[in-house]
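Please keep the sequence and the model in view while reading.

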Amino acid sequence: MNCIYLWLLLSIAALPLQAQPTSATLAGTVRDIYGNPLMGVNVVLVGTLYGAATNIDGNYVIENIPAGLYTVRASAVGYVPAEASVDLTAGATQRVDFALVPTVVEVPEVVVTAARRAQPIEQVPISLSVLPLHALTERGVATLDDALRYIPGVQMAGNQVNIRGSSGFTYNAGSRVLLLLDGFPMLAPDADGIPFELLPIAQIDRIEVLKGPGSALYGSGALGGVVQVITRDFPEQPETEIRLFSGAYEPVRYAEWRARWEGARHWRPFGTVIVTHARRLNDRLGGWVHATYLHDSGHLNASERTMLQGHAKLRWQPTADVRVVVLSGLTWRRSDSFLYWNGLRDPLNPGRIPASGSKDAVGTNDTQSLQWTLLPALTHVVSPKLFYTASGRLYMLALRPLDEQGRPKPLSKGTLGFRYGGQLQLDWQPTSGQYLTIGATADALATRSSFFPETDGHPFRSQPEIAAFGQWEQAVGLRWRLTGGLRFDAYQLRPNRWITRLSPKANGLFQAHRNLTLHAALGLGFRVPSVAERYIENQDFFPIVSNPDLLPETSMGYELGLRYRKNAGNLAEAQLELAVFRTDYQDLIEPRFQRERLAFQFVNLTRARIQGFETLLRLKLLGERFESQIGYTWLEAKDLTGPAPLPLSFRSRHLFKGGLTLALPARLSTGADLRLASRPERIDSEFARFVPDAEVTVPVRVLDLRLSWQYSKLILTLMVKNALDYYYVERPALLAPPRHLQLQLQWRP
Amino acid sequence: MRFYVFLLFLGLLAACEGGLAPPPPSPLASLEGSVYYTGPWPPPDSVRELRFVALRFVPQNALDLLLRFNELVFSDTLRRFVDYDTFRITIDLRGVAADTFYYSGIAWKFGPGLLDWRPLVVYDRPIILRPGDRQLLVLEADFRRPASFPGTP
């Protein structure tokens, strides 16, 4: 009893103390060394989850910090991170200002994908890989699909992205991965495939890949993950860059293959010219333009392509608290699409499917297309704690098939599509440990295509969609950060039929140690079948029939992960990531052969499960002189539809990616990248009934080598891609490029 | 550093195999495929036998099949009363650069007589086979709408 009295006495005595302020506030401004305020800089207290991002004036405020001695760190892409020690006193506001030094070496400090806002990678509660600018440049990457091949856990199946086994091979009709360009979803109006070539590659700042369901924030397309491409802002000083890529595919080494295609006996050239210029036009306006010309004679017969493309991005700041950004691109392309081979004895020529009917299906599709993208966005900073962004998007596609003489056929024989929409997002940070994101989107498409036959009197297929989303982040104590999110989507599949879905998610992040964070995520995901999956009908290239009654596929995903980062100054830096994941799918949409229709059709499988683990190790030694990355992914992808589980088609169980860059004397540097993937455990055997040897696969074993020489503003890089001339397929019946040499010249006058 | 050299070495070793390659040379070629049956089957006594047949000529009637028997190749008997079946014919092209089949399809023996054969479904575009080739065919057969000989009205 005495103890109770003593406790009460102490509690009463402590009351006045509790009324005293116990927390401190940290504020300041971040500028570059020229005195310009920097927006979006992350300022964090090292070893805690306290942090904030600077506003449009470069100011930041972090409130409710327990008094004590801290290290405060300011970091932003394109600048050397800066740190300062600060002793915070209860009830006081301390100011720490930073002047950041620009660097040519980009550091993957800031990401925006995971939570629709800028935050340090340490605070992202889900697996994420970042490919920075220098990694893209070193590897001579000319298109996005090339870039994604270097990211651990990502596989390409032709022009489809497969993140941790989420997608197999779906005949280009649907994608479970969403591509975002500066936060805008990039979806083609016709097939929902990812338009890999429609990006200003020399103005890309970094590529982020969110692994795991992202539907709670991004809706239907993000069931299997998100690829976010961030373009650069304009610099203070004018910058011009010219990049020339030139190379050739080596003649194939087998006489039998060469005998069937004359082109395989010679080096097959390809080349790209990129010219880009960025500048500030006045104190409120700046931007960049980017032009690309690409010609690739192709390593296969009938795989030639030519592309002419222009992009422009303008940023206008009429007042201190308003920013308008407009990104637009126009692409003309003429390409032969090689769809499937003529068997393993003749893999360089497109195949033909002899079938009882009026004509045979052929394995090549020649087209000419024009695509236009317009992406405007307005950001208004209402107060240092509140801002909103209103954005719009418009994509237009006009695609015309080519006849035997290479002349475009009328547009009525091809595809005309529009996709348009808008979004409003509001960000509110009441305190440094809390962050609210809410928003709404609306999108629609109108597509008329010879691939989607008219059955109900409406030539244009459409699928309007609306959504509302919200997410709340809450720091709990010094070490925990919890996030909860919910998204509501409604899709109109037919005039009188809407499908609605609620996608909740929950994430937790725990800072176990200064260098170690643990994260856990779970979320529901869903994907509405694309217009192509529902309506595609074709016999010219492949027997495939429509299924307008397809249901949305849904998923429940879980992930546990850790990130460990150890920094020994300039001498060494190590980063280890480990993630265990599992996703259960219901009504998974996969192509299946329908005997009664004598064609393939997208159908809902009852159940599937994909689980596995992924580990990633990055090492930097002696500053930037030695860099390496090793990633390994183990996957178990099972189709649980039948009585006995079967492997899901076109998924590799083992996936390895390794990369190495080494600085040499005399301004030279060298590097190598190795990609290994085990042979898929199951191939859709029905596909092989139509295409000879379509069931043949081998493990993927690809080694790329490079050597660079830098002199002043000129960088010359020689690359040998697929250096071991290993012949393999990334998707059935399509031989991947053999060894090819590439010379890249990058010049910034 | 040694670890990475070792890793690179492993990669080199792993890739030395070369990947995909043409199948070994063979004087044999194959003509294979699938036949999918739609619609109802006739009574058993009017579907006595089904075979895939490839002809080096275009037959005008059933008698041509008999008279030019050495100019055609045919598969084993196909299964009856099933949704689909597969067939395969192996052709020896030793000493021959290529062989052409102008008329292929499923032959249907509908009666007891020697000439009671007719085409059920036909692929009437030329198929050129070279040694080692593997040619696939996909046929859709419907007994309600059988094909007829070119010489038959």
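Predicted model: local features only at pLDDT ≥ 70, side-chain atom pairs only at ≥ 80, totals over all residues.

Residues are numbered from 1 along each chain as its sequence is written, chains are lettered from A and ligands numbered from 1 in the order in which they are written, and side-chain values use heavy atoms, with hydrogens and water left out.

**Chain A overall**

Chain A holds seven helices and 49 strands; helices (H or I, at least four residues) and strands (E, at least two) are DSSP runs, numbered from the N terminus. Its radius of gyration is 27 Å, close to the 27 Å that the globule rule gives for 749 residues, so chain A is as compact as a globular protein of that length. That radius is taken over C-alpha atoms, and the rule is 2.2 Å times the number of residues to the power 0.38. Along the principal axes, the C-alpha atoms of chain A fill a box of roughly 95 × 65 × 50 Å. Of the 749 residues of chain A, 58% count as buried, that is, under 20% relative accessible area with a 1.4 Å probe, protein chains only.

**Strand pairing**

Two strands pair if DSSP finds at least two bridges between them.

| Strand | Partner | Sense | Bridges |
|---|---|---|---|
| β2 (residues 42–45) | β5 (residues 68–75) | antiparallel | four bridges |
| β26 (residues 364–383) | β27 (residues 386–401) | antiparallel | 14 bridges |
| β27 | β28 (residues 415–428) | antiparallel | 14 bridges |

A:V43 stands opposite A:A74 in β5(A). Strands of chain A in the order β3-β2-β5-β7 form an open antiparallel sheet. In that sheet, β3 (51–53) and β7 (82–88) of chain A stand at the edges, each with a single partner strand, so one side of each lacks a neighbour in the sheet. A hairpin of two residues joins β26(A) to β27(A). A:L378 stands opposite A:A390 in β27(A), and A:S391 has A:Q423 in β28(A) as its bridge partner.

**Nonpolar cores**

A nonpolar core is a set of buried Ala, Val, Leu, Ile, Met, Phe, Trp, Tyr and Cys residues joined through side-chain atoms within 4.5 Å. The largest has 52 residues, and those with the most contacts inside it include A:W257, A:F687, A:V691 and B:L20. A second, separate core of 36 residues includes A:V177, A:L199, A:I274 and A:Y395.

Terms used:
Buried < 20%, exposed > 50% of the residue type's maximum accessible area, 1.4 Å probe, protein only.
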